[in-house]
Amino acid sequence: MRADFADSFLILPDDAFFVKALAAGAELSDADAKAMGETYLEENSPISMENLLWGVARSGSKILVYAAAAEKFRKDEAVSGKLKEAAFAMPLCAIIAGAKLPQDAWTAYFGDGFVSAFRTQGAEIADFVSCRTDEARSDSDNLKTLAEKFGIEKCSLYALTEAKEAAFSVSFRMRAADGGAAIVWKKRASVLRGISDVRPAELLRAAAKKRMRAASAAFCAWAVCATFALLCVWQISLFFKQAEAESLQAEMDELLPHSKKIEKMSEQLAFLKTFSEDTLYNVWLLGVINKDRPSQVEFTRSAAKSASQITVSGKADSIDTVNKYADLLAANPLVKKVENVIPVSKSGSTQFTMTITFNKK
(Lines give C-alpha, C1' and ligand atoms only; values in the text may rest on other atoms or scores of the structure.)
Protein backbone atom coordinates (compact mmCIF):
# COMPACT_ATOMS: atom_id res chain seq x y z
CA MET A 1 0.00 0.00 0.00
CA ARG A 2 1.30 3.47 -0.81
CA ALA A 3 2.72 5.31 2.21
CA ASP A 4 0.58 8.43 1.67
CA PHE A 5 -2.60 6.33 2.12
CA ALA A 6 -1.33 4.22 5.00
CA ASP A 7 -3.10 6.34 7.63
CA SER A 8 -6.37 6.64 5.71
CA PHE A 9 -6.89 3.02 4.63
CA LEU A 10 -7.27 0.16 7.12
CA ILE A 11 -6.78 -3.41 5.81
CA LEU A 12 -8.28 -5.94 8.20
CA PRO A 13 -7.13 -9.62 8.35
CA ASP A 14 -9.18 -12.01 6.20
CA ASP A 15 -9.05 -14.79 8.79
CA ALA A 16 -11.15 -12.70 11.20
CA PHE A 17 -14.08 -12.71 8.74
CA PHE A 18 -16.70 -15.16 7.62
CA VAL A 19 -16.82 -14.85 3.81
CA LYS A 20 -19.53 -16.03 1.44
CA ALA A 21 -19.98 -15.57 -2.32
CA LEU A 22 -23.61 -15.05 -3.41
CA ALA A 23 -25.06 -15.10 -6.92
CA ALA A 24 -26.53 -11.67 -7.53
CA GLY A 25 -26.44 -10.67 -11.20
CA ALA A 26 -24.24 -7.99 -12.71
CA GLU A 27 -27.23 -5.64 -13.14
CA LEU A 28 -27.87 -5.47 -9.37
CA SER A 29 -27.41 -1.96 -8.00
CA ASP A 30 -24.93 -1.23 -5.21
CA ALA A 31 -27.73 -0.44 -2.77
CA ASP A 32 -29.50 -3.71 -3.62
CA ALA A 33 -26.21 -5.62 -3.27
CA LYS A 34 -25.79 -4.16 0.22
CA ALA A 35 -29.39 -5.06 1.10
CA MET A 36 -28.90 -8.60 -0.21
CA GLY A 37 -25.82 -9.07 2.00
CA GLU A 38 -27.67 -7.71 5.01
CA THR A 39 -30.59 -10.10 4.45
CA TYR A 40 -28.23 -13.08 4.17
CA LEU A 41 -26.46 -12.19 7.43
CA GLU A 42 -29.73 -11.58 9.30
CA GLU A 43 -30.87 -15.05 8.32
CA ASN A 44 -27.59 -16.95 8.82
CA SER A 45 -25.33 -15.14 11.31
CA PRO A 46 -25.40 -16.31 14.95
CA ILE A 47 -24.34 -12.78 15.94
CA SER A 48 -26.79 -9.86 15.79
CA MET A 49 -26.24 -7.22 13.11
CA GLU A 50 -25.51 -4.57 15.77
CA ASN A 51 -22.45 -6.56 16.87
CA LEU A 52 -21.08 -7.24 13.38
CA LEU A 53 -18.57 -5.44 11.19
CA TRP A 54 -19.66 -6.37 7.67
CA GLY A 55 -19.72 -5.31 4.04
CA VAL A 56 -20.08 -6.55 0.48
CA ALA A 57 -17.77 -6.40 -2.57
CA ARG A 58 -18.76 -6.76 -6.23
CA SER A 59 -17.16 -9.52 -8.30
CA GLY A 60 -18.77 -9.85 -11.70
CA SER A 61 -22.24 -11.32 -11.31
CA LYS A 62 -21.56 -12.28 -7.69
CA ILE A 63 -21.22 -10.38 -4.47
CA LEU A 64 -18.83 -11.28 -1.67
CA VAL A 65 -20.39 -10.92 1.78
CA TYR A 66 -17.95 -10.73 4.69
CA ALA A 67 -18.65 -10.29 8.39
CA ALA A 68 -16.74 -10.39 11.67
CA ALA A 69 -17.62 -9.99 15.32
CA ALA A 70 -17.02 -6.36 16.28
CA GLU A 71 -15.77 -7.55 19.68
CA LYS A 72 -12.61 -8.97 18.01
CA PHE A 73 -11.49 -5.50 17.04
CA ARG A 74 -12.69 -3.56 20.09
CA LYS A 75 -10.14 -5.39 22.21
CA ASP A 76 -7.28 -4.15 20.01
CA GLU A 77 -6.89 -0.46 20.91
CA ALA A 78 -4.69 0.30 17.88
CA VAL A 79 -7.21 -1.17 15.43
CA SER A 80 -10.16 0.29 17.34
CA GLY A 81 -8.65 3.76 17.08
CA LYS A 82 -8.02 3.39 13.34
CA LEU A 83 -11.60 2.25 12.81
CA LYS A 84 -12.69 5.67 14.09
CA GLU A 85 -10.40 7.61 11.76
CA ALA A 86 -9.71 5.67 8.53
CA ALA A 87 -11.19 6.67 5.17
CA PHE A 88 -11.72 3.00 4.25
CA ALA A 89 -11.80 -0.14 6.43
CA MET A 90 -12.25 -3.64 4.97
CA PRO A 91 -10.58 -7.07 4.67
CA LEU A 92 -8.07 -7.69 1.88
CA CYS A 93 -10.38 -10.22 0.26
CA ALA A 94 -12.81 -7.39 -0.62
CA ILE A 95 -10.13 -5.90 -2.86
CA ILE A 96 -8.94 -9.17 -4.38
CA ALA A 97 -12.50 -10.23 -5.24
CA GLY A 98 -12.99 -7.16 -7.43
CA ALA A 99 -9.85 -7.78 -9.48
CA LYS A 100 -11.37 -10.36 -11.90
CA LEU A 101 -9.57 -13.49 -10.71
CA PRO A 102 -8.03 -16.07 -13.07
CA GLN A 103 -10.61 -18.57 -14.36
CA ASP A 104 -10.88 -22.16 -13.10
CA ALA A 105 -8.00 -21.76 -10.65
CA TRP A 106 -6.98 -21.24 -7.08
CA THR A 107 -5.65 -17.74 -6.37
CA ALA A 108 -3.81 -17.55 -3.06
CA TYR A 109 -2.13 -14.63 -1.33
CA PHE A 110 -0.41 -13.74 1.92
CA GLY A 111 -1.63 -10.97 4.21
CA ASP A 112 -0.33 -9.58 7.48
CA GLY A 113 -0.17 -12.81 9.51
CA PHE A 114 -2.67 -14.72 7.37
CA VAL A 115 -2.97 -16.52 4.07
CA SER A 116 -6.13 -16.66 1.93
CA ALA A 117 -7.28 -18.22 -1.33
CA PHE A 118 -10.14 -17.93 -3.81
CA ARG A 119 -11.24 -20.77 -6.08
CA THR A 120 -13.04 -19.92 -9.29
CA GLN A 121 -15.26 -21.97 -11.57
CA GLY A 122 -15.05 -20.26 -14.90
CA ALA A 123 -14.96 -16.55 -14.03
CA GLU A 124 -17.15 -16.94 -10.91
CA ILE A 125 -15.94 -17.24 -7.30
CA ALA A 126 -16.81 -20.68 -5.96
CA ASP A 127 -14.95 -20.89 -2.63
CA PHE A 128 -12.90 -18.80 -0.22
CA VAL A 129 -10.69 -19.93 2.65
CA SER A 130 -8.36 -18.12 5.03
CA CYS A 131 -6.28 -18.98 8.09
CA ARG A 132 -3.44 -17.68 10.24
CA THR A 133 0.06 -18.40 8.95
CA ASP A 134 1.21 -19.41 12.43
CA GLU A 135 -1.40 -22.13 12.78
CA ALA A 136 0.01 -25.65 12.80
CA ARG A 137 -2.70 -27.17 10.64
CA SER A 138 -2.62 -29.03 7.39
CA ASP A 139 -4.96 -26.59 5.67
CA SER A 140 -2.69 -23.73 6.70
CA ASP A 141 0.33 -25.54 5.26
CA ASN A 142 -1.58 -26.32 2.08
CA LEU A 143 -2.62 -22.68 1.67
CA LYS A 144 0.92 -21.44 2.22
CA THR A 145 2.24 -23.91 -0.35
CA LEU A 146 -0.47 -22.80 -2.76
CA ALA A 147 0.31 -19.12 -2.24
CA GLU A 148 4.01 -19.73 -2.84
CA LYS A 149 3.42 -21.62 -6.07
CA PHE A 150 0.45 -19.80 -7.50
CA GLY A 151 -0.48 -16.54 -5.86
CA ILE A 152 -0.71 -12.79 -5.83
CA GLU A 153 2.61 -11.05 -5.83
CA LYS A 154 1.37 -7.80 -4.33
CA CYS A 155 -1.70 -5.65 -3.78
CA SER A 156 -1.21 -1.92 -3.45
CA LEU A 157 -3.50 1.09 -3.24
CA TYR A 158 -2.45 3.47 -6.01
CA ALA A 159 -5.13 6.15 -6.23
CA LEU A 160 -8.29 7.54 -4.71
CA THR A 161 -10.48 8.19 -7.75
CA GLU A 162 -13.01 10.13 -5.68
CA ALA A 163 -14.14 10.53 -2.09
CA LYS A 164 -16.33 7.42 -2.07
CA GLU A 165 -14.20 5.04 -4.15
CA ALA A 166 -10.71 3.56 -3.80
CA ALA A 167 -8.87 2.03 -6.76
CA PHE A 168 -6.19 -0.65 -6.53
CA SER A 169 -3.49 -2.23 -8.63
CA VAL A 170 -3.15 -5.98 -8.08
CA SER A 171 -0.32 -8.07 -9.59
CA PHE A 172 -0.90 -11.82 -10.00
CA ARG A 173 2.02 -14.25 -10.21
CA MET A 174 1.76 -17.86 -11.33
CA ARG A 175 4.86 -19.99 -10.89
CA ALA A 176 5.34 -22.67 -13.52
CA ALA A 177 5.38 -26.25 -12.22
CA ASP A 178 8.73 -26.94 -13.88
CA GLY A 179 10.39 -23.99 -12.11
CA GLY A 180 10.41 -21.77 -15.18
CA ALA A 181 9.85 -18.03 -15.24
CA ALA A 182 6.79 -16.69 -13.44
CA ILE A 183 3.91 -15.23 -15.40
CA VAL A 184 2.77 -11.86 -14.08
CA TRP A 185 -0.24 -9.81 -15.05
CA LYS A 186 -1.98 -6.87 -13.44
CA LYS A 187 -5.62 -6.17 -12.71
CA ARG A 188 -7.50 -3.18 -11.44
CA ALA A 189 -9.89 -3.42 -8.53
CA SER A 190 -12.13 -0.87 -6.89
CA VAL A 191 -14.21 -0.77 -3.74
CA LEU A 192 -17.03 1.55 -2.75
CA ARG A 193 -17.01 2.92 0.77
CA GLY A 194 -20.81 2.81 1.04
CA ILE A 195 -21.08 -0.97 0.52
CA SER A 196 -17.55 -2.35 1.09
CA ASP A 197 -16.63 -0.57 4.32
CA VAL A 198 -17.29 -2.78 7.34
CA ARG A 199 -18.16 0.02 9.75
CA PRO A 200 -21.76 0.96 10.66
CA ALA A 201 -23.18 4.21 9.24
CA GLU A 202 -22.81 6.18 12.49
CA LEU A 203 -19.13 5.23 12.78
CA LEU A 204 -18.56 6.16 9.12
CA ARG A 205 -20.11 9.59 9.76
CA ALA A 206 -18.02 10.09 12.89
CA ALA A 207 -14.85 9.11 11.01
CA ALA A 208 -15.74 11.48 8.17
CA LYS A 209 -16.28 14.35 10.63
CA LYS A 210 -12.99 13.62 12.36
CA ARG A 211 -11.13 13.64 9.03
CA MET A 212 -12.86 16.90 8.10
CA ARG A 213 -11.82 18.46 11.39
CA ALA A 214 -8.27 17.24 10.86
CA ALA A 215 -8.30 18.58 7.30
CA SER A 216 -9.68 21.92 8.54
CA ALA A 217 -7.01 22.11 11.23
CA ALA A 218 -4.34 21.31 8.65
CA PHE A 219 -5.75 23.96 6.32
CA CYS A 220 -5.83 26.53 9.14
CA ALA A 221 -2.23 25.71 10.02
CA TRP A 222 -1.30 26.05 6.36
CA ALA A 223 -3.21 29.34 6.14
CA VAL A 224 -1.39 30.70 9.21
CA CYS A 225 1.98 29.71 7.73
CA ALA A 226 1.04 31.19 4.37
CA THR A 227 -0.14 34.43 6.01
CA PHE A 228 3.07 34.65 8.04
CA ALA A 229 5.11 34.07 4.88
CA LEU A 230 3.16 36.77 3.05
CA LEU A 231 3.72 39.18 5.94
CA CYS A 232 7.45 38.45 5.83
CA VAL A 233 7.51 39.06 2.10
CA TRP A 234 5.55 42.28 2.60
CA GLN A 235 7.94 43.48 5.31
CA ILE A 236 10.93 42.70 3.13
CA SER A 237 9.27 44.49 0.23
CA LEU A 238 8.65 47.54 2.43
CA PHE A 239 12.28 47.50 3.56
CA PHE A 240 13.57 47.49 -0.01
CA LYS A 241 11.07 50.14 -1.07
CA GLN A 242 12.15 52.37 1.82
CA ALA A 243 15.79 51.86 0.91
CA GLU A 244 14.97 52.68 -2.70
CA ALA A 245 13.09 55.82 -1.65
CA GLU A 246 16.05 56.98 0.48
CA SER A 247 18.40 56.35 -2.45
CA LEU A 248 16.17 58.36 -4.79
CA GLN A 249 16.00 61.20 -2.24
CA ALA A 250 19.81 61.29 -2.03
CA GLU A 251 20.02 61.47 -5.82
CA MET A 252 17.46 64.28 -5.89
CA ASP A 253 19.42 66.23 -3.25
CA GLU A 254 22.52 65.81 -5.39
CA LEU A 255 20.77 66.95 -8.56
CA LEU A 256 18.93 69.90 -6.96
CA PRO A 257 21.69 72.51 -7.61
CA HIS A 258 21.93 71.39 -11.23
CA SER A 259 18.17 71.54 -11.62
CA LYS A 260 18.18 75.16 -10.45
CA LYS A 261 20.79 76.02 -13.10
CA ILE A 262 18.68 74.28 -15.72
CA GLU A 263 15.62 76.20 -14.52
CA LYS A 264 17.47 79.52 -14.91
CA MET A 265 18.69 78.57 -18.37
CA SER A 266 15.15 77.62 -19.32
CA GLU A 267 13.95 81.07 -18.27
CA GLN A 268 16.64 82.71 -20.41
CA LEU A 269 15.73 80.48 -23.33
CA ALA A 270 12.08 81.41 -22.95
CA PHE A 271 13.03 85.09 -23.03
CA LEU A 272 15.06 84.58 -26.20
CA LYS A 273 12.17 82.73 -27.80
CA THR A 274 10.08 85.90 -27.49
CA PHE A 275 12.27 87.29 -30.26
CA SER A 276 10.77 85.34 -33.12
CA GLU A 277 12.14 85.35 -36.62
CA ASP A 278 9.42 87.79 -37.70
CA THR A 279 10.45 90.17 -34.92
CA LEU A 280 14.10 90.05 -35.99
CA TYR A 281 13.15 90.54 -39.64
CA ASN A 282 11.01 93.51 -38.61
CA VAL A 283 13.86 95.18 -36.73
CA TRP A 284 16.34 94.73 -39.61
CA LEU A 285 13.95 95.93 -42.32
CA LEU A 286 12.88 98.91 -40.25
CA GLY A 287 16.53 99.85 -39.90
CA VAL A 288 16.92 99.87 -43.68
CA ILE A 289 13.87 102.00 -44.49
CA ASN A 290 14.53 104.31 -41.55
CA LYS A 291 17.73 105.62 -43.21
CA ASP A 292 15.72 107.35 -45.96
CA ARG A 293 12.89 108.55 -43.70
CA PRO A 294 12.35 112.35 -43.69
CA SER A 295 11.84 114.01 -40.35
CA GLN A 296 8.25 114.84 -41.33
CA VAL A 297 7.43 111.09 -41.50
CA GLU A 298 6.72 108.97 -38.42
CA PHE A 299 6.09 105.22 -38.22
CA THR A 300 3.18 104.08 -36.07
CA ARG A 301 3.15 100.39 -36.98
CA SER A 302 5.23 97.81 -38.83
CA ALA A 303 4.93 94.12 -39.65
CA ALA A 304 7.51 91.96 -41.42
CA LYS A 305 5.68 89.40 -43.55
CA SER A 306 8.90 87.67 -44.54
CA ALA A 307 12.65 88.21 -44.57
CA SER A 308 12.26 90.44 -47.64
CA GLN A 309 8.96 92.27 -47.17
CA ILE A 310 7.61 94.71 -44.62
CA THR A 311 4.41 96.76 -44.37
CA VAL A 312 4.56 100.05 -42.47
CA SER A 313 1.92 102.51 -41.37
CA GLY A 314 2.56 106.03 -40.20
CA LYS A 315 1.77 109.75 -40.56
CA ALA A 316 3.31 112.73 -42.34
CA ASP A 317 2.66 116.49 -42.77
CA SER A 318 1.34 116.02 -46.37
CA ILE A 319 0.59 113.60 -49.14
CA ASP A 320 3.49 115.04 -51.14
CA THR A 321 5.92 114.14 -48.35
CA VAL A 322 4.62 110.56 -48.38
CA ASN A 323 5.06 110.26 -52.15
CA LYS A 324 8.59 111.67 -52.05
CA TYR A 325 9.49 109.19 -49.27
CA ALA A 326 8.13 106.33 -51.39
CA ASP A 327 10.29 107.52 -54.32
CA LEU A 328 13.38 107.61 -52.09
CA LEU A 329 12.74 104.05 -50.96
CA ALA A 330 12.22 102.85 -54.52
CA ALA A 331 15.56 104.35 -55.49
CA ASN A 332 17.36 102.38 -52.74
CA PRO A 333 19.38 99.54 -54.39
CA LEU A 334 18.26 97.15 -51.60
CA VAL A 335 14.61 97.77 -52.40
CA LYS A 336 12.94 95.85 -55.21
CA LYS A 337 9.64 97.76 -55.19
CA VAL A 338 7.34 99.97 -53.14
CA GLU A 339 3.61 99.34 -53.55
CA ASN A 340 0.23 99.86 -51.99
CA VAL A 341 1.11 103.45 -51.08
CA ILE A 342 -2.13 104.77 -49.64
CA PRO A 343 -1.87 108.32 -48.21
CA VAL A 344 -5.02 109.78 -46.62
CA SER A 345 -5.36 113.38 -45.33
CA LYS A 346 -7.43 113.72 -42.22
CA SER A 347 -7.76 116.46 -39.56
CA GLY A 348 -4.68 118.37 -40.77
CA SER A 349 -2.54 115.23 -40.86
CA THR A 350 -1.73 112.66 -43.55
CA GLN A 351 -1.82 108.98 -42.66
CA PHE A 352 -0.33 106.32 -44.92
CA THR A 353 0.37 102.64 -45.45
CA MET A 354 2.92 101.14 -47.84
CA THR A 355 4.52 97.74 -48.52
CA ILE A 356 8.25 97.58 -49.29
CA THR A 357 9.74 94.46 -50.95
CA PHE A 358 13.48 93.97 -50.78
CA ASN A 359 15.79 92.20 -53.14
CA LYS A 360 16.57 88.68 -51.85
CA LYS A 361 20.17 88.03 -50.92
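I began with arginine 132, which is partly exposed at a relative accessible area of 28% (buried being under 20%, exposed over 50% and partly exposed in between, with a 1.4 Å probe and protein chains only). I note that this is a predicted model, in which local features need pLDDT of at least 70 and side-chain atom pairs count only at pLDDT 80 or more, while totals for chains, interfaces and linings use all residues. Residues are numbered from 1 along each chain as its sequence is written, and side-chain values use heavy atoms, with hydrogens and water left out.

**Salt bridges**

I looked up the partner of arginine 132 and found aspartate 15, with 3.5 Å between the closest N and O atoms of this salt bridge (a side-chain nitrogen of Lys or Arg within 4 Å of a carboxyl oxygen of Asp or Glu). Because aspartate 15 sits in the loop between strand 1 (9-12) and strand 2 (18-23), whereas arginine 132 belongs to strand 8 (residues 124-132), the pair ties together parts that are 117 residues apart in sequence; helices (H or I, at least four residues) and strands (E, at least two) are DSSP runs numbered from the N terminus. Aspartate 15 is itself partly exposed, with a relative accessible area of 25%.

I then turned to aspartate 30 and arginine 58, whose side chains meet in a salt bridge at 2.9 Å, N to O. Aspartate 30 lies in helix 1 and arginine 58 in strand 3 (residues 52-59), so this pair links parts 28 residues apart in sequence. I have both ends down as partly exposed, aspartate 30 at 32% and arginine 58 at 22%.

The next pair I checked was glutamate 71 with arginine 74, a salt bridge whose closest N and O atoms are 3.5 Å apart. Since these two are three residues apart in helix 2 (residues 70-74), about one helical turn separates them. Glutamate 71 is partly exposed at 43%, and arginine 74 is partly exposed at 47%. My count of salt bridges by this rule comes to seven.

**Surface patches**

Looking over the surface, I found a negative patch formed by Glu38, Glu42, Glu43 and Glu50, and I placed glutamate 42 in helix 1 (residues 30-44). For patches I kept to residues with over 30% relative accessible area and no salt bridge, like charges being joined within 9 Å and nonpolar side chains (Val, Leu, Ile, Met, Phe, Trp, Tyr) within 5 Å.

I also noted a nonpolar patch of about 300 Å², made by Leu231, Trp234 and Leu238. Leucine 231 lies in helix 7 (residues 201-273), and at 45% relative accessibility it counts as partly exposed.

I located valine 341 in strand 14 (residues 335-346), where it is partly exposed at 28% relative accessibility. Its C-alpha atom is separated by 7.9 Å from that of asparagine 323, which is 18 residues away along the chain. Leaving aside neighbours within four places in sequence, I list its contacts as Val322, Asn323, Ala326, Thr353 and Met354 (contact meaning heavy atoms within 4.5 Å).

Is serine 308 buried or exposed? I found serine 308 to be buried, with a relative accessible area of 13%, and its place is the loop between strand 12 (298-306) and strand 13 (309-316). With neighbours within four places in sequence again set aside, serine 308 is in contact with Ile356, Thr357, Phe358 and Lys360.

Key:
Accessible areas come from the Shrake-Rupley method with a 1.4 Å probe; for residues, only the protein chains shown count as cover. Lys and Arg count as positive and Asp and Glu as negative; His and the chain ends are not counted. The place of a charge is taken as NZ of Lys, CZ of Arg, CG of Asp or CD of Glu.
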